[in-house]
Amino acid sequence: MDDTIKALNNLIETSEDGLKGFKEAAEKATEAKLKLLFNERAAACQQSANELQSLVASLGGKPEKSGSVAGAAHRGWVKVKAAVTDSNVAVLEEVERGEDYAKAAYGKALKAELPPQVRSVVERQYQGVLSNHDRIRDLRNQYRAAA
């Protein structure tokens with residue numbers, strides 16, 4: 001059970017990183033529709049983190065409450081890059097990079113031995129991450145083409 005709790009806590013950190021990263025991206029984006037999208041994705045990350053925290057608690061573990069050090073560095077990079085380029089493309093590129101990290105984290109968790117009720121939650125959230133990634137990638141390509 002310790003491995004399951006550890007895997008879930010890693011995903012909580014990933015979700016918290018996503019929450020903070022999407023909020024940062026919403027602040028840096030210059031178009032209202034991107035701000036709205038990033039704020040919606042931040043809320044979804046919060047919901048995912050809350051769900052994972054409840055799972056950890058139900059398994060008798062202590063849920064993580066914050067993001068990772070790597071996530072903090074990533075968000076700092078979003079600030080620097082966006083400040084230098086002031087570009088929605090740059091923000092979208094960085095958000096996509098964050099989603100790549102989330103895809104890898106969920107993929108790693110799904111390779112672990114997880115109880116069926118935990119696996120179903122992780123798989124469902126993973127599908128959301130994949131959908132987010134593809135949506136962000138498509139927007140990035142659209143903005144690049146228009147630039």
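Let me start with how α2 and α5 cross: in this predicted model, α2 passes α5 in a left-handed crossing. If you look for the two elements in the structure above, helix α2 covers residues 32–58 and helix α5 covers residues 116–146, and where they pack, the angle is about 165 degrees, with the axes 12 Å apart. Since an angle over 145 degrees counts as roughly antiparallel, that makes α2 roughly antiparallel to α5.

Which residues make this contact? On the α2 side they are Lys33, Leu34, Leu37, Phe38, Arg41, Ser48, Glu51, Leu52 and Leu55, and on the α5 side they are Val118, Val121, Arg124, Gln125, Asn132, Arg135, Ile136, Leu139, Gln142 and Tyr143.

The crossing of α1 and α2 is left-handed, and the residues of their contact divide into 15 nonpolar, seven polar and five charged.

Is Ala26 buried or exposed? Its relative accessibility is 6%, and because anything under 20% counts as buried, Ala26 falls in the buried class. If we set aside the neighbours within four places in sequence, Ala26 is in contact with Lys35, Phe38 and Asn39, and of these, Phe38 is also one of the α2 residues in the contact with α5. Between Ala26 and Leu36, which are ten residues apart in sequence, the C-alpha to C-alpha distance is 7.3 Å.

Finally, let me step back to the whole protein chain. Its secondary structure comes to five helices and zero strands, so that, by the way such elements are defined and numbered from the N terminus, the pattern read along the sequence is α-α-α-α-α. The chain has 147 residues, of which 48% count as buried, and it exposes about 7,700 Å², with carbon and sulfur atoms supplying 53% of that area. As for how the chain comes together, among contacts with a separation of 6 or more, residues 24 or more positions apart account for 76%.

Key:
Residues numbered from 1 in each chain as written. Predicted model: local features only at pLDDT ≥ 70, side-chain atom pairs only at ≥ 80, totals over all residues. Heavy atoms only, no water. Axes fitted to C-alpha atoms, helices over the stretch in contact; angles between N-to-C directions. Helix = DSSP H or I, 4+ residues; strand = E, 2+ residues; numbered from the N terminus. Parallel < 35°, antiparallel > 145°, perpendicular 65-115°, else oblique. Left-handed = near helix turned anticlockwise from the far one by under 90°. Contact = heavy atoms within 4.5 Å. Buried < 20%, exposed > 50% of the residue type's maximum accessible area, 1.4 Å probe, protein only. Areas by Shrake-Rupley, 256 points an atom, 1.4 Å probe, with all protein chains shown as cover. Nonpolar A, V, L, I, M, F, W, Y, C, P; charged D, E, K, R; others polar.
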